[in-house]
Amino acid sequence: MSLIANRRDVDFMMYEFLNLDKVFQTERYQSYDREAVSAILDTAEAIAEDKYLPCAAKLDANEPSFDGEKVSIIPEVGEGLQAFAEAGFYAASFDEDVGGAQLPGIVNLTLAGFFSAANPGINSYAFLTVGAANMLNAVGTQEQKDKYLGPMLEGKWSGTMCLSEPQAGSSLSDIRTKATPTEEGHYLIEGSKMWISGGDHELTENIVEMVLAKIPGGPPGVRGISLFIVPKYRVNDDGSLGAKNDISLAGLNHKMGHRGTTNCLLNFGENGDCHGYLLGKPHEGLKNMFHMMNEARIGVGHGATMSALAGFLYSTKYAGERLQGRHPQDKDPSTPQLPIIEHTDIKRLLMAQKAAVEGASALLYYCTDLVEEQKLTDDKDAQNRLALLLEILTPIAKSWPSEFCLEANKHAIQVLGGYGYTREFPVERLYRDNRLNHIHEGTHAIHGIDLLGRKVSMFDGAALKLLLQEVQATLSATSEMSALGEYNKDLEQALKVLVETTETVKAHENVNTQLANATIYLDAFGHVVIAWLWLRQAQIATNALANAQGDDVAFYQGKLAACRYFFRYELPKALVQFKLVSDLDETCMDLKPEHLTGNNPL
Amino acid sequence: MKVLVPVKRVIDYNVKPRVKPDQTGVDLANVKMSMNPFCEIAVEEAVRLKEKGIVTEIVVVSIGVAQAQETLRTALAMGADRGILITAEGDVEPLAVAKILKAVADEEQPGLILLGKQAIDNDNNQTGQMLAALLDWPQGTFASEVVVEDGKVNVTREIDGGLQTVALEGPAVVTTDLRLNEPRYASLPNIMKAKKKPIDTKEAASFGVDISPRLTVLKVTEPAEREAGEKVEDVATLVSKLKAAGAL
Ligand SMILES: Cc1cc2nc3c(=O)[nH]c(=O)nc-3n(C[C@H](O)[C@H](O)[C@H](O)COP(=O)(O)OP(=O)(O)OC[C@H]3O[C@@H](n4cnc5c(N)ncnc54)[C@H](O)[C@@H]3O)c2cc1C
Ligand SMILES: Cc1cc2nc3c(=O)[nH]c(=O)nc-3n(C[C@H](O)[C@H](O)[C@H](O)COP(=O)(O)OP(=O)(O)OC[C@H]3O[C@@H](n4cnc5c(N)ncnc54)[C@H](O)[C@@H]3O)c2cc1C
């Protein structure tokens, strides 16, 4: 059994939940078919299995180190990335005209999932490079693309995103890095960037840092932020590498998880000679960075889901092998002990993981499909509709998996008992890796504020309305299916509460009070979305069961069981949370810093 | 030089095989199938010879059900040039495979036939040897190194006592062992290019050779479950138990 992939579920998501066959029929993707996709996924799974998974524990125990000169990383990281590059995966999703393979996004998501389940510490280098290349491809000049894109798509150079600074994490408007124009056309970059993943290493010949900085004299706040290409080594016009740019690694951060990825404090322009090249228009940096970030946010949610998948697969296997105890009614100690998978509480722990992993997966596939449809249509109205749906779902796609797939990793540890708490087994590492995800790419709180403070009311609530229509469509489609009647009714009720809660909050005059429980709202909203996607999965499974054979019977029954679990054990929690939000509860808001310990920490 | 590489579609090495309830064989319904790992090594070796400029064309051939076409595509994605699919139903035994391959070799006239030493489904380890005999070509089996030099194929063989090197006058048959090479992954661009490479389809019957099975399978069963062990008091008891069990 694979510990990084459930290929049956992957096929379900691609061909049953989504309609990838229809995507193959479009002109853009006509060279692909099921057989080719399966072969591509085989290669990806094999590389992840052979090159990423075996060194995951070693990489965690031997994080990159810095001797003041150079960063050292265990050689397996470079070997893994090399195999990834040779397989052509950096360029997979790019258009043919820039040297890509024009692979459907849904397949690219699947493929990336194998690597992130196997070893997120290696995977991040490639993930960031692809993201940076995407942004360059979207907003760069032809000259910039000619210079940087090729080597990035071959994996020879890597890419990063440099937003955060020591004093500006959540609050990007407070960044201080400066970009001063010169007469030669380049800018001089000066400032410190904190937390930069992949910011320095010797894995690739060059590193293309994508840096947010302010051009002096520009508008204040986020409207005065511009984006720059700042290469570790300057690039000559013929593409060869020139002098080292004035970027220095001040130190590496020592992290709880994701330990294979260097995390850097970078100083730009310590000697006043750091060249940066404006990418896109001045002061549009944040907007352009969102090319990378929106994709990255879906990617973060997906990474969270894949860490949970790896824990789910491992703990399921373990539960089938570990013998411990007997059923409550069988007290006779001379009878053999049971595999713990027979204990109801272990089933609960495993089901909770399945419901989180496959629920979150459905959401990420759904969002990726929206991005795909954007590429496939020229129709302005359709484009607009897809963009709005993505606007409202992106905070959920990033945050729900980060919160609830982390919870799934907690359950995986529990299934292993004491063994799960040790480093001899992978589940504690998976938990530590996953703990990052609701911190970076906007913390959980920031996405709550984004959803409740902006997304649900944007364009007069247009994004929310579109999402409600989507959910309604599933409710209508399942209203006649008696086996799903209970869920249909529960989801309709939850949806009504969501709408009422949103209206109540919007009607309140004080913004601070409105957003006092935004994080709680984010979780509850996410639960409704995931419940909707479980109902869709159950709908497909119910129809498919009629003609299912062999292992497929258990597969579809498992989908129905997980839907039942989610509606009975999880969805009711959202109603309690919505009540708190619509009561405009001020318990936390009223709290004074001195209440916490009796001393005022301010 | 042209190289012929026969490849077999088998149950994937990661799959835990299940016996059919009627005990007639292994259940292959909905089971992941892939190229026999020893055949992958043979394809890889052929591709490396081509990259060295020694081989000019790699022809891969598979005998079996229609889906064996996927196995040919995998070989084409690794670097083979064209494929021949020979369709046949049911289990084609090594002698039948060797006879068909002889007919293919007569037609294609390769300078070298590279094939896996055995397939992991039935572990027969016979096809290469039978094929060499039928063609009356020299054979180098269990190869861990293959060097083509001055018209000779030097094959380092893994044998019980260590290694043996034989120099074969081509054309020759070579069967590959595990340590010959590490097969490459089929890259995304090459998988897509392979879709455009030609695959010829023929029926086994069209070769006019007798491929009817010569063996009868009585039944296929799971290996017996391992039974629980037993703890003994001391060495003396252990020895007497072993004696009683006829092990001493
Ligand atoms: C492993 C790792 C990798 C990273 N990689 C990158 C990278 O490659 N590039 C990059 O630019 N950055 C990266 N980051 C930075 C990451 O995006 C920031 O850590 C994140 O934005 C939070 O900023 P901060 O750490 O300064 O925390 P702070 O902003 O200080 O937040 C601390 C706490 O206060 C809360 N908070 C802050 N402001 C508000 C508010 N207005 N309302 C309510 N609550 C608030 C937060 O939710 C959080 O709980 C990485 C971080 C980590 C840990
Ligand atoms: C850091 C650490 C320190 C420890 N220190 C000590 C110590 O000093 N002395 C000592 O004696 N022990 C110690 N322990 C052992 C600890 O008490 C056991 O790990 C714990 O009792 C669980 O047993 P287990 O690890 O074998 O897990 P298992 O018993 O195998 O349990 C695995 C999973 O199966 C579930 N399960 C098992 N049986 C049933 C059942 N009948 N019904 C439902 N679910 C079931 C469990 O709840 C768990 O989720 C320590 C453990 C750790 C991790």
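Me: Which helix of chain A holds A:Asp369?
Reply: This is a predicted model, where local features need pLDDT of at least 70, side-chain atom pairs count only at pLDDT 80 or more, and totals for chains, interfaces and linings use all residues. Residues are numbered from 1 along each chain as its sequence is written. Helices are DSSP runs of H or I with at least four residues, numbered from the N terminus. A:Asp369 falls within residues 344–376, and that stretch of chain A is helix α10.

Me: Which side chain of opposite charge is nearest to A:Asp369?
Reply: A:Asp369 is buried, meaning under 20% relative accessible area with a 1.4 Å probe and protein chains only. Still, A:Asp369 has no salt bridge, which would take a side-chain nitrogen of Lys or Arg within 4 Å of a carboxyl oxygen of Asp or Glu.

Me: Leaving aside neighbours within four places in sequence, what is A:Asp369 in contact with?
Reply: Contact here means heavy atoms within 4.5 Å. With those sequence neighbours set aside, the partners are A:Leu18 and A:Ile106.

Me: Over in chain B, is B:Val239 buried or partly exposed?
Reply: B:Val239 sits in helix α6, residues 235–244. Its relative accessible area is 31%. Partly exposed covers the range between buried and exposed, the latter being over 50%, so B:Val239 is partly exposed.

Terms used. Chains are lettered from A and ligands numbered from 1 in the order in which they are written. Side-chain values use heavy atoms; hydrogens and water are left out. Helices (H or I, at least four residues) and strands (E, at least two) are DSSP runs, numbered from the N terminus. Lys and Arg count as positive and Asp and Glu as negative; His and the chain ends are not counted.
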